[in-house]
Amino acid sequence: MPRSRFTGLIVIAVVLAVLPFLLPNNFYLDLAIRMLINACIVLGLNLLIGFAGQISLGHAGFVGIGAYATAVLTTHYGWSPLAAMLAGALGAGVLAALVARPIFKLKGHYLAMATLGLGNIISIIVRNEAALTGGPDGMPVPALALFSFELSGEKQWYWVVSGILLLSLWASLNLINSPFGRALRALHGSEVASQVVGVDVAKYKLAIFVLSAVFASLMGSVTAHYVGFVTPNVADFFHSIELVTMVVIGGMASIYGSVIGAVLLTALPQALAGFEGWETVAFGAILMFCMIFMPKGLVPTLAAKFGRR
Amino acid sequence: MALLEVSNLTKIFGGVRAVQNVSFAVDAGIVYSVIGPNGAGKTTLFNLITGIYVPSEGQIRLDGRDIAGVAPHELARFGMARTFQNLQVCMNMTALENVMVGAHLRLDRNLFKGALRFPSIARRDAVLREEAAELMRLVGLEAFTDAHADAMPYGALKRLEIARALAAQPRVLFLDEPAAGLNPKETGEVDILVRKVADSGVTVVLVEHDMKMVMNISDQILVLDYGRKLAEGTAAEVRRNPDVIAAYLGTHQ
Ligand SMILES: Nc1ncnc2c1ncn2[C@@H]1O[C@H](COP(=O)(O)OP(=O)(O)O)[C@@H](O)[C@H]1O
Ligand SMILES: [Mg+2]
């Protein structure tokens, strides 16, 4: 039985392996790469929202920290991409740890507002520090060079990002089925029950918040290198909402749902491109439809329908 | 020295004195029951001892150590476990996982080792799965080892909480109305289970309305009424106590 946990992982690995040979051109490969990057961020966010039951409406702020740490430190200070990436992750982690204690004293709407505020602050800072960040216009980012190897072209990026996603999926599946992960899910299920069996609830909330912030930051750095340009949009409220929507549509507390949610919602704007300015409305309508008819999200709903829990 | 010593314990909610100046001691290895009408303060007393509430006044000593106001997750380290009158089962997990969570403090909880599935973690989890299944058999839930918690009936969930508490391998176990809402057959099973647990050396502190069970099982009984201690003694002593007859047993018979 524990083996079957990884069936989905194997399916995804196979799909990822054959996909580039089926895609007609680089436009689709680029779309696939953006889907995979989003899937990684959403996976980290789902650990926080879906598994631990703690909402964050400011998660794009952490993506922004990674993206701008990479952009600013490599461009203005000549840091190596790896060092810049790690500095961003460290910064995101420290910030998350600092705000976690007061933030997680809050529940429900208050927690949502506090994280939203945090995301907005980060977004405003990158918008205003124009001398460093280029302000609202954004700034270019050099290619990702690790040691003497420079990553270039959609093909290379695709394999790298696929590898990151598969590793993240594997680690997440392990985590939620480890003692740490069970404690995390337990505090979501019943905070008081988890406390009386010895779970230090504050510590676990902090740990998962820091982990998902660090991961978001790392993926922000990766995005910045891949796109070659960053704008403040990466950190803004709409992006945070987009990420939460991916979690919810795919399915809270569903590892594979994170991937499905990210894939669908990354593809959606392309599919809706014909709507000329009505994309946002269509986006909202689809979200409403999903919430009304599939409040648990796609993957859990379908899994229940086909008799697998 | 008694395992648990409560002295002059008081808890005030706004104007309500839920627990007033209550003192008692529980020796290791016994079944100690707390009875009293609804609203007498039994659950509040449990919540004070297990760290959910901070006392307004008074001391609580475990092994002579003052534990009043210590957080629940710290108390778990000292060998305290409990169940809840209003169910506190994690409905987002399977029945077996709920029991496994009970063993939290006995496991390596390292995040990174867990994420990388270190062989030591995988091995320990495999053993724990067996232990948890065994505990589910002990409480009579062998039919539910593969069930999701949200698919289980009420009576089964009550016993699932007992299994989870036992997974912690506690020294003292607090059971808040474990037989409430159960049918007579299930109540009988819980009765036998509590005896088994007590016989294995675990000190049991029990709140229960089923008088047959309480009178049969308890070494000592504490009677609460309006937050105050009304009487304390063996089943025979309590049954004979005129105050108790007047205030509680009389009205419930
Ligand atoms: N969290 C709380 N806030 C306010 N009042 C409470 C709280 N918990 C219990 N009470 C009050 O304390 C009294 C004792 O309740 P409780 O301990 O639940 O009684 P029992 O378990 O004996 O039925 C009741 O009057 C109840 O309303
Ligand atoms: Mg009660």
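Across the interface of chain A and chain B, seven residue pairs are in polar contact, both residues at pLDDT 80 or more; a polar contact is a pair of N or O atoms within 3.5 Å, where within protein one must be able to donate a hydrogen and the other to accept it, and residues adjacent in sequence count only if both atoms are side-chain atoms. This is a predicted model, in which local features need pLDDT of at least 70 and side-chain atom pairs pLDDT 80 or more, while totals for chains, interfaces and linings use all residues. Residues are numbered from 1 along each chain as written, chains are lettered from A and ligands numbered from 1 in the order written, and side-chain values use heavy atoms without hydrogens or water.

The two chains also share two salt bridges (a side-chain nitrogen of Lys or Arg within 4 Å of a carboxyl oxygen of Asp or Glu). One of them joins Arg182(A) and Asp125(B), 2.9 Å from N to O.

The contact (heavy atoms within 4.5 Å) takes 29 residues from chain A and 33 residues from chain B. Helix α8(A) gives the most to the chain A side, with eight residues; helices are DSSP runs of H or I, at least four residues, and strands runs of E, at least two, numbered from the N terminus.

Chain B holds an open antiparallel sheet of four strands, ordered β2-β1-β4-β5, where pairing requires at least two DSSP bridges. β2(B) and β5(B) are at the edges with a single partner strand each, so one side of each has no neighbour in the sheet. β4(B) pairs with β5(B) over two bridges, and Arg61(B) stands opposite Asp66(B) in β5(B).
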